[in-house]
Amino acid sequence: MYKNIIFDLGGVVVDFNPREFLLERFYNEEIEHKVFDLTFGSEEWTLLDAGQLSRAEGNARMLEKAKAEGCAFEVQSVLDDWARMLKTRRKTVEVIKRLKKMGFSIYYLSNIPQDVIDEIRQRDFWPLFDGGIASCEVKLTKPDPAIYKLLLERCQLIPSETIFVDDSKPNTTAAFDLGITGIHYKGSSSFIRALNTCGIPIKEHLLW
């Protein structure tokens, strides 16, 4: 019987789709790929998630590499503007509210830089969480099994009583390997169907 549901943040509770963001910005596949590799797909972004770089340090390093690649302007524009995509997914929040009313404990587990988690913690939905872990604060990132084990230990969660929701298949697979039920998030409707499959009856038409 499930008692706990853990949510990824970016791509599940808030929007985060870098590829789509770059596509709408540049309309040029070659530039999109280059800028992605220099920003969201870069070593620096991974270090930001792991709490091993500050935002200022990360941006400076990404820009330095961008200058060498001849696309400093494009990278700077992305670094100035990318946080606009972090809009709250109200449909997910409504599901979380319903799950709370049903008695489930709600947690978060997210690969996320410090400045972003600080901002998200100011949003109106944040009190819905009973606890969780941000990667930047523990110097670990998914899908490293250690970050899942740390959350289980800190929040005293039993894997067989726990569901983990993430938009990354490798991350849900890592949870599954530890005995946690993983739901690969692909949208609100498929998510609700997956919950129903897990024996958690939520009717989509009653949420919004």
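Which residues of helix 1 (residues 18-26) are buried? Select the helix: they are P18, F21, L22 and F26. Buried means under 20% relative accessible area, with exposed over 50% and partly exposed in between (1.4 Å probe, protein chains only). Helices (H or I, at least four residues) and strands (E, at least two) are DSSP runs, numbered from the N terminus.

The model is predicted: local features need pLDDT of at least 70, side-chain atom pairs count only at pLDDT 80 or more, and totals for chains, interfaces and linings use all residues. Residues are numbered from 1 along each chain as its sequence is written, and side-chain values use heavy atoms, leaving out hydrogens and water.

**Helix 1**

Look down the axis of helix 1. Next select Y27, which follows helix 1 and has a positive phi, near 50 degrees.

Now go back to P18, in helix 1. P18 counts as buried because its relative accessibility is 10%. Leaving aside residues up to four places away in sequence, P18 touches F36, F40 and M85.

Five strands form an open sheet in the order 3-2-1-4-5, with parallel pairing; two strands pair if DSSP finds at least two bridges between them. Strand 3 (131-134) and strand 5 (181-184) stand at the edges with a single partner strand each, so one side of each has no neighbour in the sheet. From one strand to the next the twist averages 20 degrees.

Strand 2 (residues 105-110) runs parallel to strand 3 and is joined to it by 4 bridges. Select Y108 to find G132 of strand 3 opposite.

Axes are lines fitted to C-alpha atoms, for helices over the stretch in contact, and angles run from 0 to 180 degrees between N-to-C directions.

**Helix 6 and helix 11**

Finish with helix 6 and helix 11 (residues 188-197), whose axes come within 10 Å and cross at roughly 20 degrees. Helix 6 is therefore roughly parallel to helix 11; angles under 35 degrees count as roughly parallel, over 145 as roughly antiparallel, 65 to 115 as roughly perpendicular and the rest as oblique. To see the contact, show K91, V95 and L99 of helix 6 with S188, F191, I192 and L195 of helix 11.

Notes
Contact means heavy atoms within 4.5 Å.
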